[in-house]
Amino acid sequence: MMDIRRILAIKLRNLGDVLLAVPALRAIRESHPGASLSVLVARGTEEMVEGLPWIDEVLSVDRPKGKHGFWGNLGRELRFLGDLRKRRFEMVVDFTSGDRSAIYGFLSGARERIGREPSGKSGGFRGKSRLYTHLAPPPNHSIHVVENDLDLVRRFGMETRDERLEFAVPPEAEERMGRLLAARGIGAGEPFLHVHPTSRWLFKCWKDESMAETLDRVPGELGLRVVMTSGPEAREVQKARSIVSIMKTRPTTLLGETSLKEMGAISRRAQVFLGVDSAPMHIAAAVGTPVVALFGPSGEHNWRPWRVEHRVAALPFDCRPCGRDGCDGTKVSRCLMELPSADVLAALQSVLKSTRIAEPV
């Protein structure tokens, strides 16, 4: 490839997907140390890569509205493309494999455009592959999402030996969470479990009664306080409150009160994180906190916590992972509903034991 000075990486996906692209973004940076690196993400996911000192710029674009996507919002899209072209990118790496990202890359004016060969029913419009100058094979769904993103850039000579996640937590987030926790009786250095029992997709969540039973046993059996967070959406807050309402002990709650950066600050202080397959689980892994992750319809082979001490709690149902939003359209996943509390507590005990053994004496 030619000498590259301005690079655009595109990841128009959800929060966790953006964070899991960090090792591949690092490979781009290390392979082009003299170039500027901009990252384009969907609005609302910027915090996953903001603050990383080796990323020069984080751009964002609104998610498509209406069934016609790009074409239904053409005026707005053309204004955004005009701004993109002014930056004179010379190379685009498209990690999204979507129609919009392919169009953005092509119309950016970049001479080098890297992506994956469209495949399957979701391959996009006819002729889409011609918008790229360099194509890799379609994603390999038998490997982790991080490995898929790394595979894309490695095929074109971009490499890194540092495959860890990285999530920047600014000092002001650390300070605010320290004050909030102290005001609620958890001082600096006091050990606690950080639990985030919710997800935007409730079919990924565990049974309220089972979560409550497990958390009630944590103080007595693990010697940890419990700090619970949730996403800001009303239904997530309500689900978390439902769990608290049936608990016999009283956890410290910060329900819908934290930004993603503040979530990272809480996880960084915790001895262990407990949650479902969601962005907070990946944030905990990124800040180096041991994780117990509950998996149901989504597959741990693709989405397990990356490069951190962890345990996966899941049932060996023949039908999982199915990738569906609940069983038979019910929005409820039996493989999660039937997961015993004892299995999750055992996973917590195991990961804590492993972590404590590994600590220097």
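Contact here means heavy atoms within 4.5 Å, and helices (H or I, at least four residues) and strands (E, at least two) are DSSP runs numbered from the N terminus. This is a predicted model, in which local features need pLDDT of at least 70 and side-chain atom pairs count only at pLDDT 80 or more, while totals for chains, interfaces and linings use all residues. Residues are numbered from 1 along each chain as its sequence is written, and side-chain values use heavy atoms, with hydrogens and water left out.

Select helix α11, residues 279-286, where eight of the eight residues are buried (under 20% relative accessible area, 1.4 Å probe, protein chains only). Its buried residues pack against α1 (15-20), β7 (192-196), α10, β10 (272-276), β11 (291-294) and α12 (300-303). Just after α11, Gly-288 takes a positive phi of about 85°.

Next, select α7 (residues 171-183) together with α10 (residues 260-269), whose axes, as lines fitted to C-alpha atoms over the stretch in contact, come within 8 Å and cross at roughly 65°. On the α7 side the contact includes Ala-173, Met-177 and Leu-181, and on the α10 side it includes Lys-261, Ala-265 and Arg-269.

Finally, select Leu-25, Ile-28, Val-93 and Phe-95, which have the most contacts inside the largest nonpolar core, a set of 53 residues (buried Ala, Val, Leu, Ile, Met, Phe, Trp, Tyr and Cys residues joined through side-chain atoms within 4.5 Å). A second, separate core of 32 residues can be found by selecting Ala-212, Val-218, Ala-313 and Leu-352, which are among its members.

Notes
Axes fitted to C-alpha atoms, helices over the stretch in contact; angles between N-to-C directions. Buried < 20%, exposed > 50% of the residue type's maximum accessible area, 1.4 Å probe, protein only.
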